[in-house]
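These are my notebook entries on a single protein model. I set down what I looked up, entry by entry.

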Amino acid sequence: MLRYAGNVRFHEAPSRLISILYPFHTRMVLLPGARYKPLNSAYSHNIRPVFMSIYPVTQTVIRYHQQKNKSRFKGLHHPVQHITWFEAIMMCNRMSRKDGYSQAYAIQSNVVTCDFDCDGYRLPTIHEWEYAA
């Protein structure tokens, strides 16, 4: 899970990576924007600065947001299991609303669009995952 960092000025931060705490101690780090070229690829991608969670979403977060916990191995500090992509984006929108941020996903009928410029929670893209690793 991540949030768009907007126009972050890195010279104002004490280091390249700064950490912040969100509800339930979801620790997020700032990934600075960069031009990223994956291995074995002829193309490069612009990665925007984002705050990315360093831990998987736990069942505590699911419980707080009153979403049904379908995990097989129950435990408040265990990662969420058996969740669909659609349930994950709905959870991102629910968390954004509850924490006072804009919703990243607009859902109309069977069409989902993502506003990558909003300040709400969203799932990382494949290139953001690779860059973070």
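**Entry 1: Arg 122 and the salt bridges**

I began with Arg 122, which is buried, its relative accessible area being 3%. I note at the outset that the model is a predicted one. I then asked with which residue Arg 122 forms a salt bridge. The partner is Glu 128, and the closest N and O atoms of the two are 2.7 Å apart. Glu 128 has a relative accessible area of 7%, so I recorded this residue as buried too.

How many salt bridges does the structure hold? I found two. Asp 117 forms a salt bridge with Arg 48, and here the closest N and O atoms are 1.9 Å apart. Asp 117 sits in the loop between β8 and β9, whereas Arg 48 sits in the loop between β5 (45–47) and β6 (50–53); the pair therefore ties together parts 69 residues apart in sequence. For Arg 48 I noted a relative accessibility of 32%, which makes this residue partly exposed, since that class runs between 20% and 50%.

**Entry 2: Tyr 121**

I next turned to Tyr 121, which belongs to strand β9. Is Tyr 121 buried or exposed? Its relative accessibility is 1%, so Tyr 121 counts as buried. The side chain of Tyr 121 makes a polar contact, at 2.9 Å, with the side chain of Asp 99. I also checked Tyr 121 against Cys 92: the two are 29 residues apart in sequence, and their C-alpha atoms are 5.2 Å apart in space.

I then searched the whole structure for aromatic pairs and found two. Tyr 101 counts as partly exposed because its relative accessibility is 23%.

**Entry 3: the largest nonpolar core**

Which residues touch the most other members of the largest nonpolar core? Of its 13 residues, they are Met 91, Met 95, Tyr 105 and Tyr 121. The elements giving two or more residues to this core are β3 (26–31), α1 (59–64) and α2 (85–98). The most comes from α2, which gives four residues.

**Entry 4: the cysteines**

I looked for disulfides, and the count came to zero. Cys 92 is in no disulfide, as the nearest cysteine sulfur, belonging to Cys 114, is 8.8 Å away.

Ser 96 is in helix α2. With a relative accessible area of 0%, Ser 96 is buried.

How many bridges join β7 to β8? There are four, and the strands run antiparallel. Tyr 105 has Cys 114 in β8 as its bridge partner. Two residues lie between the strands of this hairpin, in which Ser 109 takes a positive phi near 55 degrees.

I placed Ser 109 in the loop between β7 (105–108) and β8 (111–114). Why did I single out its backbone angle? Most residues other than glycine have a negative phi. Ser 109 has a positive one of about 55 degrees although it is not a glycine. I recorded Ser 109 as exposed because its relative accessibility is 74%, and the cut-off for that class is over 50%.

How values were computed:
Residues are numbered from 1 along each chain as its sequence is written. This is a predicted model: local features need pLDDT of at least 70, side-chain atom pairs count only at pLDDT 80 or more; totals for chains, interfaces and linings use all residues. Side-chain values use heavy atoms; hydrogens and water are left out. Buried means under 20% relative accessible area, exposed over 50%, partly exposed in between (1.4 Å probe, protein chains only). A nonpolar core is a set of buried Ala, Val, Leu, Ile, Met, Phe, Trp, Tyr and Cys residues joined through side-chain atoms within 4.5 Å. A disulfide is a pair of cysteine sulfur atoms within 2.5 Å. Two strands pair if DSSP finds at least two bridges between them. Rings of Phe, Tyr and Trp (its six-membered ring) pair if their centres lie within 6.5 Å; planes under 30 degrees apart count as stacked, over 60 as edge-to-face and the rest as tilted. A salt bridge is a side-chain nitrogen of Lys or Arg within 4 Å of a carboxyl oxygen of Asp or Glu. A polar contact is a pair of N or O atoms within 3.5 Å; within protein, one must be able to donate a hydrogen and the other to accept it, and residues adjacent in sequence count only if both atoms are side-chain atoms.
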